Structure formats: structure tokens, C-alpha cells
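Colleague: I have a new model open and want to learn how to read it. Can we go through it feature by feature?

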Amino acid sequence: MTDDKDVLRDVWFGRIPTCFTLYQDEITEREAEPYYLLLPRVSYLTLVTDKVKKHFQKVMRQEDISEIWFEYEGTPLKWHYPIGLLFDLLASSSALPWNITVHFKSFPEKDLLHCPSKDAIEAHFMSCVKEADALKHKSQVINEMQKKDHKQLWMGLQNDRFDQFWAINRKLMEYPAEENGFRYIPFRIYQTTTERPFIQKLFRPVAADGQPHTLGDLLKEVCPSAIAPEDGERRNQVMIHGIEPMLETPLQWLSEHLSYPDNFLHISIIPKQTE
Amino acid sequence: MPLTFPPPTRETRSGIRACGDGSGSGTGDTSPGTPGPRSPQRMTPRNSLTPLMTSLSAGGRLQRSPWAACQSGLCLCRERCGIERMSATPTRKAPGGPWWTPQGRWSRSAVGPMTFCGPPSGRGRPWSGKESTGTTPKVWFRRGVNSHNPCGTSWIEMVGEMVMVNVGLNDQVWGISCEDRAVYFRQGVTPSELSGKTWKAIVATRECDRSHSGSSSSLLSAGCFFGDEVRASSDSASHDTDVSSEVERRDPEQPLPKESLDNPQNPNESSALDPGASRTAECDVENACPVVGRGEPTQAPGPSGRPAELPWTNIDLKEPKKAPNHSAAGLPESTGLASLGLFTLGLEEPYGADDHLLWAWVSGGGCAVEAGSVLKWFTVQSGLSPSVQTLSLSITPAQTAAWRKQIFQQLTERTKRELENFRHYEQAVEQSVWVKTGALQWWCDWKPHKWVDVRVALEQFTGHDGARDSILFIYYVVHEEKKYLHVFLNEVTVLVPVLNEAKHSFALYTPERTRQRWPVRLAAATEQDMNDWLALLSLSCCESRRVQGRPSPQAIWSITCKGDIFVSEPSPDLEAHEHLLPCDQMFWRQMGGHLRVVEANSRGVVWGIGYDHTAWVYTGGYGGGCFQGLASSTSNIYTQSDVKSVYIYENQRWNPVTGYTSRGLPTDRYMWSDATGLQECTKAGTKPPSLQWTWVSDWYVDFSITGGTDQEGWQYASDFPASYHGYKTMKDFVRRRCWARKCKLVTSGPWLEVAPIALGDVSIIPESPEAEGHTHSIALWAVSDKGDVLCRLGVSELNPAGSSWLHVGTDQPFASVSIGACYQVWAVARDGSAFYRGSVSPSQPAGDCWYHIPPPPKQRLSQVSVGQTSVYALDENGNLWFRGGITPSYPQGSSWDHVSNNVRRVSVGPLDQVWVIANKVQGSHGLSRGTVCHRTGVQPREPKGQGWDYGIGGGWDHISVRANATKAVRSVSQEQEAHGPVCC
């Protein structure tokens with residue numbers, strides 16, 4: 001039987017094989033070969049694609065290069081969403097490798113945030129961590145940490161160092177002995193079918209009667225359409241990190257084990273493929 | 001995070017019942033506090049427990065637990081050691097069953113040494129803890145026991161002494177060691193080898209023993225030694241008393257030391273002084289080796305490496321009333337007395353060094369450990385696991401729940417799906433590279449402070465932007481637990497070699513460590529090893545900060561008491577009026593060479609003076625010394641040597657019969673000692689100050705000591721310690737004689753000798769970069785070691801060494817000189833008075849005459865420093881004075897205004913910025929002597945400033961900010977405006 005710690009490792013070391021291709025309308029001096037890379041699911045696109053950028057810039061003229069952005073099947077990819085979430089949400093049903101198109105022109109201002117530097121990613125990441133801790137511990141844990149610890153979280157993510165990250169992150173996953181879990185579970189539910197970017201509400205890990213809340217309880221409460229069987233058959237997949245946990249899974253456990261490094265449970269609701 | 005043995009949860013109630021029975025009978029017949037004698041009754045708990053546990057095993061194997069009791073009476077349980085899960089699972093919940101209170105005390109039901117034989121549980125292999133000859137409980141194994149021959153064949157003595165042993169379901173053996181009372185597990189027990197292989201300690205810590213890793217922020221404000229009151233000569237002794245009042249750093253195993261928080265300390269009183277601590281501080285770089293101190297109390301901090309109880313022996317019985325008065329007025333060498341009044345505090349320290357749990361009883365009868373399974377009980381699980389296990393326990397019944405299985409299964413499938421066919425793809429994030437690992441020693445953070453062996457690894461990353469960043473990991477073991485601390489090298493502000501006569505050691509500071517006054521101290525086995533580490537770490541620090549090559553002309557230079565040279569690139573924020581850069585964040589890198597004094601100006605001219613008074617000029621190179629290869633320039637590095645003397649004292653007491661003899665009173669100081677008398681320094685036993693130095697002469701009597709000597713070099717006094725004079729009177733019962741021995745150091749650095757005149761002080765004119773007319777030569781003044789005032793001609797950027805000396809006549813020998821930006825030359829004579837040199841200008845470089853300026857009342861000045869317009873002087877008692885009333889028409893000024901005490905050295909720069917070396921600065925964890933401090937709030941209209949900002953230290957002896965004319969952009973115009981009319 002496996003240890004729960006192994007879940008954390010599996011989550012951390014999740015990789016998505018990706019094929020980057022340059023957008024056909026980009027002007028190049030010679031032909032741009034596709035670039036293949038294993039992307040960490042828990043990281044961010046602009047954090048791990050320096051190699052991609054270098055690769056394509058080699059065949060381009062300096063004046064044709066402005067800020068890099070990525071697109072999958074016509075959808076611009078938000079760098080501030082974790083890679084695993086983007087994949088689950090948009091591409092989980094497609095064949096691997098994941099085909100991402102690389103753009104250097106016509107930045108889609110209304111769809112994407114600019115990412116001028118790694119500092120922007122760090123700032124976004126840290127603000128998510130802080131928001132999550134505000135929900136979990138009224139920010140007490142994150143505020144007690146030193147700047148060094150914050151940096152270690154970020155460095156751990158940036159350098160793909162599981163131990164370095166979890167040495168600090170474990171503190172964010174603790175809760176007082178007298179409680180049965182966090183104050184609120186930091187989660188975001190994403191759907192491709194709605195305009196709304198995501199659902200985020202206050203939800204406690206334990207019900208008033210002391211029963212642990214499950215993933216099903218959460219969805220029933222905040223996103224009933226995801227699981228409501230309209231004609232008996234469930235039409236949606238509920239996916240986290242490329243897997244579909246059972247709706248009976250306790251939410252607290254999920255939060256502790258299947259949260260992304262930003263300490264949020266990013267849950268994708270995907271219409272079921274009709275075979 | 002250590003594993004913990006928390007109280008059990010509801011899920012283990014069957015186990016609790018068993019244990020509760022046991023505790024009941026255990027309580028009844030054991031007197032508190034004493035381990036019980038060997039008696040049959042003592043067996044009760046286990047006897048009643050074991051069958052129960054065994055029968056449990058028949059019911060279900062999931063809830064079995066080994067149990068143990070510790071001597072403090074806490075009953076603890078390791079949970080859920082079922083077949084499937086070998087790791088203990090601590091919980092944070094403590095519901096407490098009907099037979100159990102979470103903190104259930106067994107009223108010290110310590111189980112004493114016991115013997116047993118026979119099958120305690122399961123099929124039972126015979127193990128016996130038996131008292132053999134004497135009282136050492138040996139462990140015996142009965143060979144040949146099987147179903148046909150239940151008696152076995154013979155006893156085999158096992159290695160290891162155990163208070164008790166216990167055998168589990170699968171013949172696994174548990175024991176409690178005699179030696180450290182830790183719980184041990186017999187490794188290697190298999191059906192074929194029932195005796196196992198080795199004892200292995202189980203890391204067993206209570207929840208409450210977890211280290212609280214948060215930073216203990218200090219209540220103490222740094223630098224409370226600074227004050228406005230004028231320090232008079234009479235109490236000069238009090239500031240050299242060895243009050244290393246260091247806030248105790250907690251042993252990670254110890255509970256929170258409440259006393260250090262409840263007890264607000266006044267560092268001036270050093271109320272929390274611990275003799276051990278005072279000793280440890282001596283290992284810091286800050287402490288110039290006492291024997292080198294030459295009898296000047298300010299430079300001889302005190303008793304290094306001396307046993308803590310020795311201060312008692314130095315109390316003079318004739319003056320018992322003086323002893324508790326540790327202001328020590330009139331006792332110039334009262335170093336030991338300061339700690340006396342507080343010594344008891346140290347003794348009452350409630351937490352011992354070795355405060356780990358003492359276990360008394362263990363039962364593994366309910367625990368089936370499968371042979372060959374990998375156990376995780378022997379090491380502290382790296383931070384992660386305890387929390388993870390904590391978490392998993394919150395929903396314990398779900399351990400085998402379908403949802404959990406499904407998650408594991410799906411994750412495995414996912415990995416297979418997404419990775420299996422794509423393993424040849426490149427990873428997006430390259431893993432970091434381990435650059436260097438090695439074995440060093442580390443001065444541990446907890447008491448008793450000592451050098452412990454550590455593994456060290458420098459891990460270097462190449463960031464996405466190509467910048468290097470590195471982390472230094474220091475792996476240590478405390479109470480059998482493996483732990484580590486790590487330092488980001490881009491946070492390191494300085495790596496500094498430490499003066500230590502026995503070890504090759506260095507200290508590593510971050511801004512936080514600087515505030516704590518508690519660096520990471522590391523020592524290497526050999527000089528080469530240390531130099532390798534220093535060079536590599538230093539290079540990594542420089543790389544991560546992108547600092548390299550020759551220091552800029554504006555660089556700030558400083559020197560430690562070890563003679564090592566450091567340089568820092570000033571940021572414009574350093575002298576800003578608002579949002580100024582805290583000076584503990586300045587990054588210092590080392591330059592090769594060995595100096596006592598360094599002075600620079602903003603045109604890149606840098607001069608230095610060695611301990612042997614040799615004058616040196618900077619060549620423009622960098623590196624040298626231990627910095628070779630990448631860290632060093634290929635040219636402009638030359639061999640440099642330095643010589644200094646080590647002084648020891650021969651002490652004698654008058655005996656009516658035989659005259660002066662080397663037999664003192666029992667209470668007397670050592671007959672051969674350092675200047676303070678606290679440390680024994682024999683001719684044979686005294687070593688050079690560090691391993692870099694070698695003796696180059698034999699011991700000789702030093703006649704030049706202050707106070708004078710008779711023909712044989714003796715100085716007399718009524719008693720130790722007192723003021724000495726060079727002639728004997730009827731009242732003189734003791735005498736002493738100073739012996740000196742020269743030692744030499746050879747190193748290399750970017751320095752060339754300026755022969756032939758030896759110097760005592762040097763000053764180069766500070767210039768702002770915007771100053772016009774770089775055509776004229778750079779004014780440089782110096783004082784020779786004989787006290788002559790000299791002016792160097794022909795100094796320029798291209799010829800920083802200049803061409804010749806011009807002698808400036810004086811009526812008496814001088815000690816210090818400084819030239820300001822407007823050619824104001826100030827000097828201090830050896831009698832302690834100041835002089836102003838009139839009419840110095842580029843065309844008249846030596847000026848025309850001296851104007852005598854009396855020192856502040858009852859003070860003797862020792863140093864002067866002149867910036868653009870400000871003139872600061874330092875007296876022998878550490879007071880810093882500002883010269884008031886200076887105007888262009890009356891450049892001598894009219895008064896001395898007291899600014900601060902606690903100052904050892906001052907440097908005033910071209911922006912009239914004031915930097916000093918402070919005598920003592922209190923940090924949150926330690927006290928540092930010789931600390932770089934920056935005067936804050938210095939404004940054109942307020943040249944005296946308002947307060948101090950504390951930088952690197954201790955152990956710093958000298959700083960020169962006279963090259964730094966880098967202004968914050970915002971304030972340039974404002975300052976020029978303000979300075980304009982006053983200047984020149």
C-alpha cells in the first residue's frame with residue numbers, strides 16, 4: 001500500500017509531454033522545427049518555456065519578436081493558470097503530446113495577462129499562496145513565515161525541487177489539533193462551458209454535524225450543474241491533476257494532497273466525451 | 001520534524017485498555033521518582049499487557065501498537081504499526097479514551113532493570129535482559145529454541161546493554177538502552193537469523209519536544225551600548241569586561257526556554273551572562289587573541305578558552321566587597337569580575353545540555369514487523385512526513401477507503417499515460433547541480449556550544465536568466481536526528497576568516513545573522529580545505545550578486561582584527577536621506593593581503609599600513625591570499641608579509657622571606673598570564689594568534705610598556721590588578737614583566753610596499769567625483785611610526801604611490817592625521833591634543849604652521865577624521881567628538897561636542913557621512929565587539945546626525961568610507977546647495 005506522501009510526489013512530478021510549434025504566420029528566416037518538452041504540471045508556462053523561446057528566436061529576426069504567448073486550438077493559454085489545469089481543462093481528451101502553438105506577435109490583450117518577467121510569476125504565485133492561507137488559517141501561517149521561507153517556496157517551484165518546496169509548504173498544510181481541518185478549503189472550479197473564469201466560494205472542510213465534507217458535497221453546493229444527472233447519466237468529468245477523484249473523497253484530504261503549489265485545489269469540470 | 005509519539009486516538013482503544021490496566025498496577029507499587037527495584041511485581045504491567053496484545057493479534061492485525069513509557073511519566077504510543085504501514089502515524093487529535101487521559105501520567109512508573117526469559121509474545125523467541133557481573137545489564141539470546149526444543153540449547157551474549165528487551169509478534173526485538181535510555185530496535189531479525197544484526201535507535205520524540213523553528217525575534221535592540229554620556233577615563237575598565245551577554249540559543253531538542261523571554265536583559269548589566277557563553281564568544285573573529293592585546297584593555301577582550309569556574313579563583317580576598325561591583329571602577333583588569341556576580345545564574349540554568357527523553361519501558365508485543373521491510377523509524381523524516389501523516393490520520397478510517405485506492409491507482413495510470421512514451425523528451429526544468437560537498441565542523445547554535453562534525457554541500461543553480469544562485473546546506477545530527485540548515489548564498493553579506501589559534505575557521509553572515517550577532521561558524525581540517533571553501537563560497541556570493549573584478553574607486557574598505565581586508569561597493573541608497581540602505585545589508589568581499597589600516601579616496605588611490613607599520617599601496621588587482629583562479633586577477637598580485645608581537649606577562653608576589661617569587665597566593669592570577677591575568681600564558685604554551693602566523697623570534701623582555709619599567713623590565717603595583725609603575729615602593733607587593741615574541745605571516749594580495757618609512761597613520765584627501773581639476777596631485781598625509789608628520793608628493797591615479805615624502809615639523813610626536821576635502825589638515829599628537837595645520841593648498845602642500853587645539857576636558861584624543869567640512873575626533877575612552885563652530889574663516893572651530901561613546905575608530909567621508917567601528921553592539925543572540933556602524937540622520941544642517949545603524953561585525957577594527965562620494969540621485973542638488981557656501 002502506498003503512503004500518502006507518494007501522492008504528493010506523484011502530483012509534483014506530473015509531466016505533460018508537449019510539442020511546441022511556431023504559429024504559421026510568424027516570420028522566420030528558416031524553418032522552425034517543433035520543440036518537444038516535458039512540462040511540469042504544477043508549474044507555469046512562462047516559467048518553464050525559456051528553452052522554447054530560445055529555440056524559436058534562433059530562427060527569427062529580432063524585430064519580429066515581441067512578448068511570447070501560447071495558444072491551443074485557438075484558445076490563448078493563460079500563463080497564470082498552472083499548466084496541469086490548462087491541460088486538464090482544454091486538452092485532456094486529446095492525444096499526447098499536447099500541441100501548443102507559439103506566438104510572438106498579436107498579443108491577445110483581452111485574454112492574457114502580460115508576463116514581463118519571472119518576478120510577475122513569482123508575485124502571482126505568492127499572492128495565490130497568501131490567499132489560500134488566508135482561507136485556511138486566516139493568514140496566520142504565511143505571516144509567521146520569514147521572507148526566506150517564502151523565497152524557498154518559490155525557489156522550490158522554480159527549480160522543480162520537491163523537498164525544498166515541501167520543507168516549507170508542509171507548514172501551510174497543518175491545522176490546529178482541535179480542528180478537523182482548515183477553516184475554509186481554497187479551491188477554484190473551472191468550466192469551459194461558461195463565461196465565468198472560475199467559481200470560488202467559502203466552503204468548510206467539515207459539515208455542521210461534524211461529518212467531513214466530500215468533493216461531491218462541494219460540487220453539490222457550489223456547482224450543482226457539474227454533477228446533476230439530467231438524464232440519469234453524469235455528463236461531466238471532475239478532474240484534478242489529470243485524475244478523477246471519487247466524489248466521496250474527503251475535501252480536506254484533497255486539499256492537503258491534491259492542491260497545486262499555490263495551495264489551491266484547481267478543479268476542472270469537463271464535458272464527458274461521447275464515445 | 002521528528003516523528004512523534006502522541007497520545008492515542010479512539011481508533012486504538014483496544015490497545016488503550018491494555019495499557020490502562022498496565023498503568024494501574026504500575027502506579028500502585030512504584031514510588032515516584034525512583035526506578036523500581038527488581039521485583040516480580042514490576043513485571044505486572046507487561047504480564048498483564050502481553051496476553052491481551054497477543055490475543056488482539058488473533059482478532060485483527062490492524063490496531064496493534066507497541067507501547068512505551070518514559071521516565072517523566074508520560075505514556076506514549078506508536079500507532080498503527082500494522083503489517084501494511086510501518087511508519088508511525090502521529091496525530092494531533094487527542095480524544096482520550098475512558099481509561100486514558102491524554103497526558104496520562106504513570107506517576108513515574110519507571111521500570112527498572114529487569115530480567116526475563118521465556119516467550120513474551122507470539123511464538124516467542126527467547127531474549128533476555130540479564131544482569132551479568134557487576135550491574136551492567138547484558139542482553140542474552142537463547143539459541144536453538146523451537147517447537148521441539150522449547151528450552152533451547154545455550155545463551156549467547158549480545159552486544160549492547162539494555163535496561164529491558166521485548167519481543168514482538170514476528171520475533172522483532174525492542175529494547176531500551178542502558179546508556180542513553182533510548183528505544184532501540186533490533187535490525188536484521190529474520191526467521192533464519194533470529195538474533196538480528198544491530199541495535200538501531202528509534203527516533204522517538206514527544207510532540208511537545210518539537211523544535212519551534214520560527215525565528216525568535218529579539219526584544220533587545222541592537223547597540224544599546226551607545227550613549228550620550230561622556231565616558232570618563234576612570235571607567236574605561238568597565239567596557240572591556242568580558243560581558244558576552246548572549247541570549248541563549250535554544251537547543252532544538254529543548255522546550256521553549258521561558259526564562260530568556262521573561263527576563264528582560266540589560267546588556268550593560270549582562271544579567272543573563274553565562275560563563276560558558278562568554279567563553280564561546282571568544283571563538284568569534286571579533287576577539288583579538290588576548291595575548292596580543294598588549295595590555296590595552298580595549299583590545300584584550302578577555303579569557304578565551306578558560307574554564308568557567310576560574311573567575312572565582314581570581315577574586316582578591318583582600319577586596320571582597322569589590323567583587324560584586326562589576327562596574328569595576330579602578331580595576332583596570334577586572335575582566336573576570338564582571339562575570340562573577342552573575343555566575344550563579346549560569347549554574348541555575350534549568351535546561352541541561354542533554355535533555356532528551358529517558359525511556360523506561362517498551363513493548364512491541366502488539367507490533368508485527370515483517371522481516372525485511374523498510375522501516376522509517378530511525379531517522380527524522382524530512383519535514384514532510386509528519387505533517388503528511390498528521391493529515392492522513394484526520395480521516396483514519398478511510399485509510400483503505402475506495403476513494404483513496406482509486407486516487408493512487410489513477411495517479412499511477414496518469415503517469416503511465418502521460419510519461420511512458422515520452423521519457424525521451426527533454427525536461428523543462430533542469431535539475432540543479434551539486435558543486436561541492438565535504439566535511440567541516442560547525443559551531444552549533446545551541447548550548448553547550450561546541451564544534452560538531454557536519455556534512456556540507458554547496459548546491460548551485462543556473463537560473464533561467466543564466467544567473468547563478470547557490471544554497472549552502474549544512475547537515476548535522478542532534479540526538480541521533482539528522483537535520484540541516486541552509487543558507488542562500490545571495491543573502492550572504494560576508495564570509496570572514498575567524499581568528500582562532502587552533503582551527504581554520506570562518507564565519508558566514510546574512511543580514512539576519514548580523515542582527516543576531518551570531519554568524520554561521522565553520523571550521524575546516526586544513527588550511528587548504530578552508531581556503532578552498534572560502535574561495536568557492538566567496539565566488540558564489542560574488543556571482544549571485546554579480547560583483548567581480550577590481551573594486552570601484554568609491555568602494556568602502558574595512559579591516560578585521562585578523563588583518564583581513566574587505567571591500568564593499570556602496571549603493572547610492574547608502575547615504576540617502578530617506579529610505580537609506582540598512583548597512584547590515586552591505587555585501588563585503590575579501591581582498592588578499594594583510595593590513596591594520598586602509599585608507600582610500602574616490603580617485604582610486606588606496607593605501608594601507610601593516611601591523612609592522614609597513615606602508616602599502618593598492619595595485620589595482622583583486623584576489624590573492626586564498627583567492628586564486630577565477631577569483632583573482634592574474635597581474636598586480638604580490639607577496640606580502642606582516643610581523644606582529646605577542647605579549648605575555650610574568651607575574652610575581654612579594655614574600656617577606658624570599659622577596660619576589662613566582663609563587664603567588666592561592667587566589668593570585670597565573671604566574672604567567674595574559675594582560676588581564678585571566679588566561680594562563682606560558683612561554684612554551686603560547687601560540688601565534690592563528691595558524692597563519694609562525695614565530696620568527698624568541699621571547700624577549702619588552703621595556704616599552706606603558707607605565708615604565710625598571711632595568712630588568714619589571715613593573716610594580718600594590719596588588720593584581722592595579723596600575724603599574726616602573727619603580728618599587730614599600731607598598732608594592734606584586735610586580736610583573738612583559739615578554740614579547742615576534743611572529744610573521746606571509747600572504748599575497750594586490751599591494752606593493754612603499755619603502756622605506758614605516759607609518760602609524762595615513763590619510764588621503766577625499767574628493768567628490770564632480771570635483772573639478774583632477775590635474776593636481778592627490779594630497780596624502782601620514783604619521784610615521786616615530787611620530788613624524790609627513791606629506792606625500794606626486795600622488796596621482798597613475799602613480800598612487802607618489803614620489804617622495806615631505807617632512808612637516810612638529811614639537812612632539814604625533815599619532816593621527818586626517819585631511820579634509822578642502823585641504824583642512826587635522827592631527828592628534830601623542831599627548832592627546834589636536835592640531836590644525838594652516839594654509840595647506842595644492843600649491844603649498846605642507847601648509848605653514850600648526851594651531852594647537854585643546855582636547856575635550858580630561859580626555860586624550862587618539863584619532864581624527866575630516867570629511868568635507870565635518871571634523872570628528874575620538875578619545876582614548878571611546879568618546880566620539882564633533883568639532884563645532886567651524887566656518888571658512890575660522891576653520892579651527894570653537895568647541896568639542898560630544899556625539900557618542902562606545903566608538904573605537906571613526907571615518908568621515910566626502911559627503912560628511914560618519915562611519916565608526918563601535919566597541920560593543922548587542923544582537924539578539926550575541927554581543928559583538930568591533931562593529932561597523934553608520935551615523936544616521938546626518939544632514940548639512942545637522943552634521944552630528946541622530947542615531948546609529950548597525951552593520952557587519954564583530955571583529956572589525958578599521959573602516960574607510962572616504963572614497964565614497966556616491967550620492968543618492970535625489971539629494972545631489974540639495975546637498976551641493978547646502979555645502980556650497982561653506983566649502984573652501
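Modeller: We will take the chains, a sheet, a helix pair, some single residues and the backbone in turn. Keep in mind that this is a predicted model.

Colleague: Start with chain A. How many helices and strands does chain A have?

Modeller: Chain A has 10 helices and eight strands. Of its 275 residues, 60% are buried. Now look at sequence separation. Among contacts in chain A between residues at least 6 apart in sequence, 71% join residues at least 24 apart.

Colleague: And what is the secondary structure of chain B?

Modeller: Chain B comes to 12 helices and 48 strands. Buried residues account for 60% of its 984 residues. For contacts in chain B with a separation of 6 or more, 63% are between residues 24 or more positions apart.

Colleague: Next, a sheet. What is the strand order in the open sheet of three strands in chain A?

Modeller: The order is 6-8-7, with mixed pairing. Strand 6 (187–191) and strand 7 (236–239) of chain A are the edge strands, each pairing on one side only. On average, neighbouring strands of this sheet are turned by 20° against each other, direction ignored.

Colleague: In which sense do strand 7 and strand 8 of chain A pair?

Modeller: They pair in the antiparallel sense, over four bridges. Strand 8 of chain A covers residues 265–271. Take two positions. Met239(A) has Ser268(A) as its bridge partner in strand 8 of chain A. Gln237(A) stands opposite Ile270(A) in strand 8 of chain A.

Colleague: Which helices pack on the sheet?

Modeller: Helix 4 (residues 83–91) of chain A packs on it and touches strand 6, strand 7 and strand 8 of chain A. The direction of helix 4 makes about 10° with that of strand 8 of chain A. Helix 9 (residues 215–222) of chain A also packs on the sheet, touching strand 6, strand 7 and strand 8 of chain A. The direction of helix 9 makes about 65° with that of strand 6 of chain A.

Colleague: How do I read side-chain directions along a strand?

Modeller: In a regular strand, side chains alternate between the two faces of the sheet. Here, Asn236(A) and Val238(A) point one way from strand 7 of chain A, and Gln237(A) and Met239(A) point the other way. All of these are buried.

Colleague: Now a helix pair. What should I look at?

Modeller: Two packed helices are described by the angle between their axes and the distance between the axes. Take helix 5 (residues 118–137) and helix 7 (residues 147–158) of chain A. Their axes come within 11 Å and cross at roughly 120°. That makes helix 5 of chain A oblique to helix 7 of chain A. The crossing of helix 5 past helix 7 of chain A is right-handed.

Colleague: Which residues meet there?

Modeller: From helix 5 of chain A, they include Ile121(A), Phe125(A), Met126(A) and Val129(A). From helix 7 of chain A, they are His150(A), Leu153(A), Trp154(A) and Leu157(A). The residues of this contact divide into seven nonpolar, one polar and three charged.

Colleague: Let's turn to single residues. Is Gln892(B) buried or exposed?

Modeller: Gln892(B) is buried, because its relative accessible area is 13% and the cut-off is under 20%. Gln892(B) sits in the loop between strand 42 (880–884) and strand 43 (895–900) of chain B. Not counting residues up to four places away in sequence, Gln892(B) touches several residues, among them Trp826(B), Tyr836(B) and Tyr851(B).

Colleague: Where is Glu753(B)?

Modeller: Glu753(B) is in strand 31 (residues 751–753) of chain B. At 49% relative accessibility, Glu753(B) counts as partly exposed. Leaving aside neighbours within four places in sequence, Glu753(B) is in contact with Thr614(B), Ala615(B) and Trp616(B). The C-alpha atoms of Glu753(B) and Tyr618(B) are separated by 9.1 Å, and these residues are 135 apart along the chain.

Colleague: Which residues does a cis peptide bond join?

Modeller: One cis bond joins Lys447(B) and Pro448(B), with omega about -5°. Pro448(B) is in the loop between strand 11 (433–443) and strand 12 (451–462) of chain B. The bond from Gly953(B) to Gly954(B) is cis too, with omega near 5°.

Key
Residues are numbered from 1 along each chain as its sequence is written. Chains are lettered from A and ligands numbered from 1 in the order in which they are written. This is a predicted model: local features need pLDDT of at least 70, side-chain atom pairs count only at pLDDT 80 or more; totals for chains, interfaces and linings use all residues. Side-chain values use heavy atoms; hydrogens and water are left out. Two strands pair if DSSP finds at least two bridges between them. Helices (H or I, at least four residues) and strands (E, at least two) are DSSP runs, numbered from the N terminus. Axes are lines fitted to C-alpha atoms, for helices over the stretch in contact, and angles run from 0 to 180 degrees between N-to-C directions. Contact means heavy atoms within 4.5 Å. Angles under 35 degrees count as roughly parallel, over 145 as roughly antiparallel, 65 to 115 as roughly perpendicular and the rest as oblique. A crossing is left-handed if the near helix is turned anticlockwise from the far one by less than a right angle, and right-handed if clockwise. Ala, Val, Leu, Ile, Met, Phe, Trp, Tyr, Cys and Pro count as nonpolar, Asp, Glu, Lys and Arg as charged, and the others, Gly among them, as polar. Buried means under 20% relative accessible area, exposed over 50%, partly exposed in between (1.4 Å probe, protein chains only).
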